[in-house]
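The following exercises concern contacts between parts of a protein model. Please study the sequence and the structure before reading each solution.

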Amino acid sequence: MHDAQTQPTVYHKNSLGGSDIKVEVRDVSVSYGEKQALFNVSLDIPDKSVTAFIGPSGCGKSTFLRCMNRMNDTIDGARVSGSLKIDGAEVNDRAVDPVVLRASVGMVFQKPNPFPKSIYDNVAYGPRIHGLASGRDELDAIVEQSLRKAGLWAEVSDRLQDPGTGLSGGQQQRLVIARAIAVNPEVILMDEPCSALDPIATAKIEDLIDELRENYCIIIVTHSMQQAARVSQMTAFFHMGSLIEVGPTEEIFTNPLESRTQDYITGRFG
Amino acid sequence: MTDSPRTFPVREDVERRLAKRYRAELRFRTAGLTAIGIAVAILCILIGSIASEGVPAFTAKELVLRVELDADRVDPEGDGSVASLRRGSYNRVLQDALREAFPGVTARNDLRTLFGLYTPLNATRLMDAVLDDPALVGNSYVFTMPLADDLDLYLKGRLVEDRTLPTAGRLTASTDGDIVSLRSTTADFTALAREIEQSMAAEARTLELRVEQVRLALDQVPAADAPRLQAEADRHAAAAVNLRQLARAPDGFLPLTGDVPSVIVESGGQAFRLTQLAVDGKSARGEVVLGSGLVENADDWTLYVVDTPESRRRVSDQLIIWTRSLVEREMIQTGFNTYLFANADSREPELAGIKGALYGSILTMIITMFLSVPIGVFTAVYLEEYAPKNRVTDFIEVNINNLAAVPSIVFGLLGLAVFINFFGLPRSAPLVGGLVLSLMTLPTVIIATRAALKAVPPSIRQAALGVGASKTQAVFHHVLPLAAPGILTGSIIGLAQALGETAPLLMIGMVAFIADAPSLGLAGFTEPATVMPVQIFLWSDGAERAFEARTAAAILILLALMIGFNAVAIYLRRRFERRW
């Protein structure tokens, strides 16, 4: 058996940094068919902060992220076990409707994926299907507010009816963030949101993440150690499907308790 | 820095390989271009041959007659009621009009031939005209009807080989009983006489060769067959001797039999059919077909030759002469062949049209479209987006793919067994045709739709699910609209295929001869009908030569429909295509 399974997760002393716990994860395992992708992950994620998941490719961090809004349900043969509570409510409960869950746990994907519709319709889609706006004016307000929060309003306010796919990559990603914000989620999941963007667009997204932190619990998967260091308050290091170490970002980067974390951060593998 | 342009140093073996690579590329491009060239050429030949065959069928030679709708002819009861008008003898009206046009034709046989200018079915059309407007009774009325199919072909130059020879002399004609003697001041008949002589000699030679062959064969056949062969040889030999005898023209005249070209002399509304041609080329004998038979020194006369012998064509010299006379008198006009579009099928080619088949096709396609497209699309959506991937769905998928490759006639058999025999639906009905074609089209639609759904990037589904859309919302708000162009294209191609399908419809009785077009309403779905490709199939089998052109014309119309269908498909695809 692989040692990742047996080794307990290493917690830093003040891992919560004093914030409220938003997500409480206990013994979550995921397998796709015969293959187990995630082994007994237990973790607390604080509210109103940015938590970064780092680790080499295939370490299970994206899989874990997808547990939070039950996106693994959409994959055939995926099985999730363990307990994952958001604000004390069990996510993996059969009674929980993933549709309702996903309205409060927004997600931003690796590649910008705006709908091939107008900018306005992209942002308005979520509020429309959830019935969040009772009139045209209210919907307009939600769209404007979301685009403002995503820092895109100034750039697109005069062409809301243009197709969202016509924007640049960085703008598209911010549009997608606006779309996620529009349904008023509590948690925003970001799966490598900057990997398809150039450095300038990346910087903008990072600034945006920093601003959004004030209102949302943000969980970000990233391959870039610098990005994790720049935007996150908490960092969790995954390896071979296991959570190796979790703690305040500064401590993980300056004083990791695990040698594997040290090796990964210093670029000796991964 | 040097003045000469810098070249990259290339190793010799690399250079050789490069040259080989370029040669390979050139070969491939040439092969591709050749293939395209051949394909285009074959397509052009195909379309060209169909078009050259079919285009003449789009025009019709029509006989314009002023008919007298006497009350005692068309209104036997005299009360002007519909029942009475229906019992009128409209064919007699048409016959009277033709007799008036050719007052010289009186003999029973000749009259029967004369009435062959049109088909009696036109009497029904005249009746319909009168029923439409009873005020016509007692008046004269200009009635237009299509010329008999063979004469139509004759006038379009597609039935016989003919020519008009130049004449220089003045023509004089005199009658002696039934025989008319013609004389020209110059030897205008000489060239013709030589030709006839030669053709008679050639015919005799053919017969003699035949005799020789039979005699040679005599030794090898069983004794029982010998007398029959001997008789045949003797008959041919006698015919050859007779021909040679005639060709020598003992009385100075060559006979014009039904086996040599026909010669017709026309002058000032008169027409003579020559039976003998003087060897000196100055005079001829014949019979009067039109006119009195007296001509005095006319310099305006025509020597018209029909090279196809009378025995080898379907129109007699008499009919040709009358037809030419009608053309001369402008009683025959060339118009757009409205009969081809306004009529359903008919035994008479000149009245046969595609309306019935077109309506049948439309009704059948309506059924096919409203069944196969929704069922196919939703089947595909379920299989692609909802169904779990297991053995059952795999089995279903394999079977759908196989169904697309099943010969269409099998669907026809199924339709016959299930829809007609089991459910008792009417035979030959567009309803059943549409059901059968739906079965055939379903796999195409399902496969095309699945391919279109697969082509929608998964990121769109994830995006929709990510903002909290349900699976159904994700599919119907985002995936289906994006797949729509592909679904439309696939469906229209499937429907176009169904539109051109013949075999399965043969099985359910849509191959019958149906002289009435189905109504374009709800009732039409259960009325007997046929469809375009079946109509083409039926016409291609028609005995009359005129059906050949109509077959090609119907193919052209069907091709136009197909091109229209595909144009719509392309337009819709362009219109709805969105990029992401």
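**Exercise 1.** Determine how many salt bridges link domain 2 of chain B and domain 4 of chain B, and describe the interface between these domains.

*Solution.*
Step 1. In this predicted model, the count of salt bridges between the two domains is zero.
Step 2. One residue pair, with both members at pLDDT 80 or more, is in polar contact across this interface.
Step 3. On the side of domain 2 of chain B that touches domain 4 of chain B, the elements giving two or more residues are α6 (122–132) and α7 (149–155) of chain B.
Step 4. By class, the residues of that side are five nonpolar, two polar and two charged.
Step 5. The area buried between the two domains is about 640 Å², and carbon and sulfur atoms give 68% of this area. Of what domain 2 of chain B buries here, 61% is supplied by B:P146, B:D149 and B:L153, more than by any other three residues.

**Exercise 2.** Describe the interface between chain B and chain A: how much area is buried, and which residues of chain B lose the most?

*Solution.*
Step 1. The two chains bury about 1,700 Å² between them, with 62% of it on carbon and sulfur atoms.
Step 2. The residues of chain B that lose the most area to chain A are B:Q462, B:V467 and B:H478, together 31% of what that side buries.
Step 3. Zero salt bridges are counted between these chains, whereas five residue pairs, both members at pLDDT 80 or more, are in polar contact.
Step 4. Both α16 (458–466) and α17 (471–499) of chain B supply at least two residues of the side that touches chain A. The largest share, seven residues, comes from α16(B).

Methods. Residues are numbered from 1 along each chain as its sequence is written. Chains are lettered from A and ligands numbered from 1 in the order in which they are written. This is a predicted model: local features need pLDDT of at least 70, side-chain atom pairs count only at pLDDT 80 or more; totals for chains, interfaces and linings use all residues. Side-chain values use heavy atoms; hydrogens and water are left out. Buried area is the accessible area (1.4 Å probe) that two parts lose on being put together, summed over both. A salt bridge is a side-chain nitrogen of Lys or Arg within 4 Å of a carboxyl oxygen of Asp or Glu. A polar contact is a pair of N or O atoms within 3.5 Å; within protein, one must be able to donate a hydrogen and the other to accept it, and residues adjacent in sequence count only if both atoms are side-chain atoms. Helices (H or I, at least four residues) and strands (E, at least two) are DSSP runs, numbered from the N terminus. Ala, Val, Leu, Ile, Met, Phe, Trp, Tyr, Cys and Pro count as nonpolar, Asp, Glu, Lys and Arg as charged, and the others, Gly among them, as polar.
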